[in-house]
Amino acid sequence: MATFEPVLTKGFGTLDLTDLAVYRKTGGFDALTKAMRDMTPEAIVNEVSASNLRGRGGAGFPTGKKWSFLPKDGRPRYLVCNSDEAEPGTFKDRMLLENSPFNLIEGLIISAYAINAKQIFIYIRGEFLHGYRTFRKALAESYDAGFVGQNILGSGYSVDIVAHRGAGAYICGEETAQLNSIEGKRGEPRLKPPFPANAGLYGMPTVVNNVETLMYVPHIITRGAPWFAAIGTEKSPGPKVISVSGHVVRPGNYEIPLGITVRELIFDWAGGLNPGRSIKAVQPGGGSSAAIFEEDLDCGVDFESLAAKKTMLGSGAVVVMDDTACMVRSAVTLNRFYEHESCGQCTPCREGGQWVHRMVARLEAGEGSDQDLRILSTINRTITGTNLCALGDSIMPFLQSVMTRFPEEFKAHVTQSACPLRVRKESAA
Amino acid sequence: MTPQREKRGAELIARYPDPRSALIPFLQFCQQEDGSVTDQAVADAAELVRLTPAEVESIASFYSLLFRHPVGKHVIQVCRTLACMLRGSDELQAHIKKRLGVGHLETTADGMFTYEEVECLAACDKAPCLQHNLEYVYDVTPATFDALLERWRAQSSTASPLPAE
């Protein structure tokens with residue numbers, strides 16, 4: 001922990017990186033200068049591929065590989081930056097956008113140059129009004145400084161950035177829903193294939209990358225792929241910003257080398273638990289991830305280690321629940337979320353999400369039955385894997401994991417017609 | 001369509017390869033002007049991007065930050081998802097509803113406050129959180145909420161509760 005120096009979040013809290021002069025003093029836009037003057041687009045793609053940078057938005061797909069999928073058929077290409085952060089528990093992109101917009105702009109231009117994009121769109125979540133304004137101001141200054149627009153730094157390459165505000169919809173974080181939303185449509189995911197690389201925005205070849213992913217690109221260009229690959233684990237290289245929330249003493253964003261353990265993250269970085277409390281459940285990868293438990297705390301915070309525990313790193317959102325948390329209540333909030341956010345296109349997600357939420361809410365209210373428990377334990381096979389996008393697959397993982405681990409707590413909600421934790425608390429008081 | 005809307009519509013269309021992309025930003029602009037997406041705004045948007053009003057309705061209704069009904073001068077959106085729930089959002093919601101005397105997606109009779117329970121606002125480290133006219137308020141307690149409420153009541157600002165830009 002002591003030897004690791006943060007990359008994206010370096011200077012946060014001490015430097016005002018929304019000030020162009022301050023950003024430049026930290027070496028800002030040196031990578032852009034290097035890329036535009038000394039590197040070909042192919043060299044940039046190769047460098048990013050060699051770093052094995054994996055997408056920081058949730059799926060962890062290798063960025064260089066994504067870039068190399070674009071067909072070479074002369075059609076205009078687009079780069080879309082996904083800043084529609086809304087996965088429950090995730091708050092890293094908002095912090096990055098609000099605190100370091102120039103790093104993002106630098107990453108956008110280098111990446112657009114690497115894939116020869118005609119235009120860049122950044123889709124900023126509608127709720128992030130402050131982040132949108134911060135970005136727009138930084139963008140105007142970047143145009144004035146010649147980092148964006150016509151003939152960037154004399155390279156002959158020209159590209160514009162359009163900042164597009166979302167209007168409230170979690171599903172627009174799904175890449176094809178996001179493309180539809182930019183096109184002025186309902187944010188409904190598309191059937192894949194065709195993938196955005198072939199038929200994306202306006203039907204043209206398109207790359208969609210997450211904010212944090214693009215922000216690492218300038219650092220890889222300046223410091224080289226071997227530097228990046230040496231951080232983290234072999235298959236999950238680099239640093240990553242992890243959002244830690246829930247029942248910890250110091251919730252916040254922590255930029256860590258991937259591969260530290262969940263225990264280290266919670267106790268060494270996020271200040272541990274409140275006095276006298278113990279860990280009940282941890283969601284390691286946002287609202288869509290299955291929970292892990294006390295016996296799993298030595299698992300690494302990286303793509304492979306968490307996949308081996310049948311859960312995921314996802315967007316890097318760690319939500320900690322201590323022994324005071326009711327698992328049924330926790331599940332209700334998440335199942336209500338997925339019910340609310342389903343776009344409604346696919347029946348299993350739309351109907352399944354509603355039924356599951358209603359059944360869990362019934363249990364929580366003390367009105368559930370054994371039949372509800374039975375249905376909840378088998379409904380997974382008709383919901384998961386039966387929808388166009390991953391939202392439907394996100395309905396069951398948390399619920400299933402905590403029902404399996406704490407069956408007696410779910411059962412007690414039926415037999416006592418109330419939450420056993422609340423009953424215990426009230427009788428103690 | 002008012003000249004102001006026509007001008008804004010043209011500016012937005014110029015940003016994109018396809019005029020239809022201007023639809024949602026245009027509705028946001030209209031909402032900023034009128035306080036919600038009015039029937040007139042739906043008609044204007046349909047004319048601007050050459051869709052039917054029904055198609056515009058279908059799109060506008062998809063997005064939670066586009067309001068088809070008038071909202072109050074102050075839009076209070078409280079996060080209700082897991083991380084905020086773990087740190088007291090349920091109790092905060094109950095307190096606010098009692099203070100305002102309205103429920104989810106309702107507006108007080110004096111037209112001052114609209115209350116909504118919303119999904120994860122991406123401020124889980126400062127839970128429970130809310131947005132007031134799309135600006136964050138962090139680590140909210142019933143007591144800090146009461147103090148804010150007094151301040152909002154005393155405000156004479158005419159700024160839109162739902163800014164477009």
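**Figure 1. Packing of helices α3 and α9 in chain A.** Helix α3 (residues 41-51) of chain A packs against helix α9 (residues 211-223) of chain A at an angle of about 100°, and their axes are 10 Å apart. This view, like the others, is taken from a predicted model. Angles of 65 to 115 degrees count as roughly perpendicular, and α3(A) and α9(A) are therefore roughly perpendicular to each other. On the α3(A) side the contact is made by A:I44, A:E47, A:V48 and A:S51, and on the α9(A) side by A:V217, A:I220 and A:I221. By residue class, the contact of α3(A) with α9(A) comprises 5 nonpolar, 1 polar and 1 charged.

**Figure 2. Domains of chain A and the contact of domain 1 with domain 2.** The domain assignment divides chain A into domain 1 (20-229), domain 2 (239-322) and domain 3 (327-428). Between the C-alpha centres of domain 1 and domain 2 of chain A the distance is 27 Å. Domain 1 of chain A gives 13 residues to the contact, and domain 2 of chain A gives 16 residues. The side of domain 1 of chain A that touches domain 2 of chain A has 3 nonpolar, 5 polar and 5 charged residues.

**Figure 3. The four-stranded sheet of chain A.** In chain A, 4 strands form an open sheet in the order β6-β5-β8-β7, and the pairing is mixed. The edges are taken by β6 (252-257) and β7 of chain A; each has a single partner strand, so one side of each is left without a neighbour in the sheet. Averaged over the sheet and with direction ignored, neighbouring strands are turned by 30° against each other.

**Figure 4. Strand pairings of β8 in chain A.** Strand β5 (residues 239-246) of chain A runs parallel to β8(A), and 4 bridges join the two. A:S243 has A:A317 of β8(A) opposite. The pairing of β7(A) with strand β8 (residues 317-322) of chain A is antiparallel and also has 4 bridges. Here A:Q283 has A:V319 of β8(A) as its bridge partner. Strand β7 (residues 279-283) of chain A has 5 of its 5 residues buried, so this strand is largely enclosed by the rest of the structure.

Figure 5. Chain B contains 7 helices and 5 strands. Read from the N terminus, its elements follow the order α-α-α-α-β-α-α-β-β-β-β-α. The C-alpha trace of chain B spans about 50 × 30 × 25 Å along its principal axes. Chain B is split into domain 1 (3-60) and domain 2 (74-154), and the C-alpha centres of these domains of chain B are 30 Å apart. Of the 165 residues in chain B, 44% are buried. Among contacts in chain B between residues at least 6 apart in sequence, residues at least 24 apart are joined in 59%.

**Figure 6. The side of chain B that touches chain A.** In this interface 37 residues of chain B are in contact with 41 residues of chain A. Two or more residues each come from α2 (23-34), α4 (53-60) and α5 (82-86) of chain B. On the side of chain B that touches chain A, 24 residues are nonpolar, 6 polar and 7 charged.

Conventions. Residues are numbered from 1 along each chain as its sequence is written. Chains are lettered from A and ligands numbered from 1 in the order in which they are written. This is a predicted model: local features need pLDDT of at least 70, side-chain atom pairs count only at pLDDT 80 or more; totals for chains, interfaces and linings use all residues. Domain bounds come from an automatic or database domain assignment. Two residues are in contact if their C-beta atoms, placed from the backbone, lie within 7 Å. Ala, Val, Leu, Ile, Met, Phe, Trp, Tyr, Cys and Pro count as nonpolar, Asp, Glu, Lys and Arg as charged, and the others, Gly among them, as polar. A residue is buried if 20 or more other C-beta atoms lie within 10 Å of its own, exposed if 12 or fewer, and partly exposed in between; C-beta atoms are placed from the backbone. Two strands pair if DSSP finds at least two bridges between them. Axes are lines fitted to C-alpha atoms, for helices over the stretch in contact, and angles run from 0 to 180 degrees between N-to-C directions. Angles under 35 degrees count as roughly parallel, over 145 as roughly antiparallel, 65 to 115 as roughly perpendicular and the rest as oblique.
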